[in-house]
Amino acid sequence: MKTLTVYRPNSIQNALSDFERYFESFFGDSLLAPAVNTFNFVPAVDIQETENAYILDMELPGYDEKTINVHVDGTNLTIASIQQEEKQEEKAQKQGSFILRERKAATFTRSFKLPENANPEAVNAAFKNGILRLEINKRAEAQKRVIQINAA
């Protein structure tokens with residue numbers, strides 16, 4: 001395997017989440033939780049391959065580097081964030097009560113299976129303007145090199 005792929009462990013929750021997303025896109029309401037507006041945030045990701053590395057750019061508007069966790073476990077790369085909402089009472093005391101509330105604190109987890117030629121020990125992360133950029137270097141032995149031909 002030579003490309004970075006999305007890691008999706010098989011689970012009933014993933015199947016239900018996919019079904020719920022399709023149902024919502026067609027009917028506008030959630031089948032599994034019609035009275036509660038569930039917020040399933042899946043950040044958009046671009047992945048590109050260069051000669052020396054894989055570059056992953058993830059859109060995370062409203063997040064900062066303190067609320068994002070990135071870790072590598074073997075060949076699995078996981079990016080997650082757990083944002084705790086303030087208690088409703090505390091917010092009401094600070095700012096007043098809500099008339100309309102559509103923005104929620106979103107918790108997400110995305111996992112990717114690293115390719116065989118990726119070096120899990122050489123991952124660099126940067127966060128700027130709501131974009132998380134991970135550069136996953138390739139192993140030295142997997143990189144292209146030029147062989148000099150000597151005249152005999």
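## Exercises around strand E5

E5 and strand E6 (residues 108-113) run antiparallel to each other, paired over six bridges. Keep in mind that this is a predicted model.

**Exercise 1.** Find which residue of E6 stands opposite Ile-79.

*Solution.* Start with the pairing: E5 and E6 are joined in the antiparallel sense. Now look across from Ile-79, and you land on Arg-110 in E6.

**Exercise 2.** Work out how E5 is linked to strand E4, and what the hairpin looks like.

*Solution.* First, E4 covers residues 69-73 and pairs with E5 in the antiparallel sense, over five bridges.

**Exercise 3.** Decide whether the residues of E5 are buried or exposed, and sort them by the way they point.

*Solution.* Buried means under 20% relative accessible area. By that cut-off, six of the six residues in E5 (residues 76-81) are buried. Then sort them: Asn-76, Thr-78 and Ala-80 go one way, while Leu-77, Ile-79 and Ser-81 go the other.

**Exercise 4.** Which residues touch the most other members of the largest nonpolar core?

*Solution.* The core holds 17 residues, and the ones to pick are Leu-56, Met-58 and Ile-79. As for elements, strand E3 (53-59), E5, E6 and strand E8 (131-138) each give it two or more residues. Now zoom in on Leu-56: beyond its neighbours within four places in sequence, its contacts include Leu-77, Ile-79, Phe-112 and Leu-132. In soluble globular proteins, nonpolar side chains tend to be buried together.

Definitions and conventions. Residues numbered from 1 in each chain as written. Predicted model: local features only at pLDDT ≥ 70, side-chain atom pairs only at ≥ 80, totals over all residues. Heavy atoms only, no water. Buried < 20%, exposed > 50% of the residue type's maximum accessible area, 1.4 Å probe, protein only. Helix = DSSP H or I, 4+ residues; strand = E, 2+ residues; numbered from the N terminus. Pairing = 2+ DSSP bridges. Core = buried A, V, L, I, M, F, W, Y, C linked by side-chain atoms within 4.5 Å. Contact = heavy atoms within 4.5 Å.
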